[in-house]
Amino acid sequence: MSIRRKVVLSAVAVAMPLALIAVGSGVASAGSGFSGNAPGTVSCSGVSGSVSFKPPLTLTGGGTSVKAKGVISGCHASNPSVSITDGKFKAAITSSGSGCAGLAGGTTSETFTIKWKGDFGGSKAKFTSTTVVVKGSTIVTNGAGDEGFELPNPSNEPNGATATGSFGTVSSSESFAYTNETAGQFSSACGTGIKKVTLASGQLNSL
């Protein structure tokens, strides 16, 4: 056998195991599903949950510790390979602590953590959570007269929010979360102290 033929056969013998390793790795990766940051952007048409105040929010005080939690639904991702079936959020909110009057003036900082469930390329995926830091919110009213929050506060735009993790891009679109109480109902409840309000509707506009 010629030296050249021996060299060629040796090269083939080395290449075949490497090829098998590569194929095997690809199958293992595909079988385990996608894990990491969801690419592109996402918009959601539904928000529900609650906001709690400690100590209870009154006309002139309370609400130094404010937390929100809930579910985001009706989500559509810009990347056609991504399908979102569920989004759950938690938020720590900083307010003035000067009661309902202070809250009406808007919050100063809000940090949201959003956990996503869904598929990537038709297979169940493990998406990294999104962390969104919002430069405050302002009080708004929807068409039904219910009070809610606009995020970020328009006075802090542009660059009113930052995001990391899945869908780590923030557009200039505002997001909204509305309670099921009118301004009059909210004001009346402040007289006795508000421990919690319900978030009944809203939308997340493009992370």
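Which residues does I194 touch, not counting residues up to four places away in sequence? Select I194 in this predicted model and look around its side chain: F53, P56, L57, C100, F186 and A189 are the residues it touches, with those up to four places away left out.

**Stop one: the core**

Now widen the selection. The largest nonpolar core has 39 residues, and I194 is among the members that touch the most others, together with F53, F89, W116, V132, F167 and L207. To see where much of this comes from, colour strand β2, residues 42–57: with six residues, β2 gives the most to this core. As background, nonpolar side chains in soluble globular proteins tend to be buried together.

**Stop two: along strand β3**

Next, show residues 65–77, which make up strand β3, and pick out A68. Is A68 buried or exposed? Its relative accessibility is 8%, so A68 counts as buried, the cut-off being under 20%. Display its surroundings and, leaving aside neighbours within four places in sequence, you will find A68 in contact with S50, V51, F89, K90, A91 and I93.

Beyond the neighbours within four places in sequence, A77 is in contact with T41, V42, V82 and F167. Its C-alpha lies 7.0 Å from that of G40, a residue 37 places away along the chain.

**Stop three: the rings**

For the last stop, turn to the aromatic side chains. The whole structure holds five aromatic pairs. One of them is F34 with F120, a stacked pair with 4.3 Å centre to centre and 20° between the planes. This pair links distant parts of the chain: F34 sits in the loop between α1 (3–32) and β1 (35–36), while F120 belongs to strand β5 (residues 109–120), 86 residues apart. F34 counts as partly exposed at 24% relative accessibility, and F120 counts as partly exposed at 26%.

F127 is buried, with a relative accessible area of 8%. Finish by showing F34, F120 and F127 at once: ring pairs link them into a cluster.

Definitions and conventions:
Residues are numbered from 1 along each chain as its sequence is written. This is a predicted model: local features need pLDDT of at least 70, side-chain atom pairs count only at pLDDT 80 or more; totals for chains, interfaces and linings use all residues. Side-chain values use heavy atoms; hydrogens and water are left out. A nonpolar core is a set of buried Ala, Val, Leu, Ile, Met, Phe, Trp, Tyr and Cys residues joined through side-chain atoms within 4.5 Å. Buried means under 20% relative accessible area, exposed over 50%, partly exposed in between (1.4 Å probe, protein chains only). Helices (H or I, at least four residues) and strands (E, at least two) are DSSP runs, numbered from the N terminus. Contact means heavy atoms within 4.5 Å. Rings of Phe, Tyr and Trp (its six-membered ring) pair if their centres lie within 6.5 Å; planes under 30 degrees apart count as stacked, over 60 as edge-to-face and the rest as tilted.
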